[in-house]
Protein chains: 2
Amino acid sequence: MCGLDAAVDMIGGKWKVLLLWAMHDQPRRFGELRRLLPGISEKVLTQHLREMAADQIVRREAFDETVPRVEYSLSEFGLSLHEALRPLGAWGTQHMDRIAEVRA
Amino acid sequence: MCGLDAAVDMIGGKWKVLLLWAMHDQPRRFGELRRLLPGISEKVLTQHLREMAADQIVRREAFDETVPRVEYSLSEFGLSLHEALRPLGAWGTQHMDRIAEVRA
């Protein structure tokens, strides 16, 4: 049980799962992440990215260019968590109609 | 993305994941569930069980005996969700030390 307990602690809630998904195939900038997750506030996104970086799930890279640029991407650790969530995503897709029905 | 979104909606948070675990191998009574999830209040447990039953994840059976008895167990649908969470549990167990370290 404590494995599941620790894992659920790491993913926290809905937004972090969706952030894992948003970054799983390429680095993203802050603005992109906000567009990919409609409804997330700037404050919540900032806080979640900070927590995920502290948890070593997300890497934050600042590029010192004429226009400073910051990118967020998944670390190896973050990618392994995303992989562990794939079956849950597949379950959701497979039962999408039933979930919509019970939640209607 | 929406599969994962829908699935995360169904598991809601930490308690429901632990309730899935607690009922995955045998029916449980209310009191047993409270003992297995130290820290959950009677009110939250009642509400979660009601939601999980409405979501068709949990079956509630009342036995009309001299002393009325109520048991909660996972439906087939609930068991399939528990199975989909196994890899996440394995990930948590595998990375237990690192999770404890980053969260210390």
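**Figure 1. Salt bridge between R69(B) and E65(B) in the predicted model.** The side chains of R69(B) and E65(B) form a salt bridge with an N to O distance of 2.8 Å; a salt bridge is a side-chain nitrogen of Lys or Arg within 4 Å of a carboxyl oxygen of Asp or Glu. E65(B) is partly exposed, at 36% relative accessible area; buried means under 20%, exposed over 50%, and partly exposed in between (1.4 Å probe, protein chains only). This is a predicted model, in which local features need pLDDT of at least 70 and side-chain atom pairs count only at pLDDT 80 or more, while totals for chains, interfaces and linings use all residues. Residues are numbered from 1 along each chain as its sequence is written, chains are lettered from A and ligands numbered from 1 in the order in which they are written, and side-chain values use heavy atoms, with hydrogens and water left out.

**Figure 2. Salt bridge between R28(B) and D25(B).** The closest N and O atoms of R28(B) and D25(B) are 3.9 Å apart. R28(B) is buried, with a relative accessible area of 13%, whereas D25(B) is exposed at 51%.

**Figure 3. Salt bridge between R86(A) and E83(A).** The N to O distance in this salt bridge is 3.0 Å. Both residues lie in helix α5 (residues 76-94) of chain A, three residues apart, about one turn of the helix; helices (H or I, at least four residues) are DSSP runs, numbered from the N terminus. R86(A) is partly exposed at 45% relative accessible area, and E83(A) is likewise partly exposed at 41%.

**Figure 4. Interface of chain B and chain A.** In this interface, 38 residues of chain B are in contact with 38 residues of chain A, contact meaning heavy atoms within 4.5 Å. Four salt bridges are counted between the two chains, including one in which the side chains of D55(A) and R103(B) meet at 2.7 Å, N to O. Helices α1 (2-11), α2 (14-23), α5 (76-94) and α6 (96-103) of chain B each supply at least two residues of the side that touches chain A. Of these helices, α5(B) gives the most, with eleven residues.

**Figure 5. Surroundings of I99(B).** I99(B) is placed in helix α6 of chain B and is buried, at 6% relative accessibility. Leaving aside neighbours within four places in sequence, I99(B) is in contact with A6(A), M10(A), F77(A), W91(B) and G92(B).
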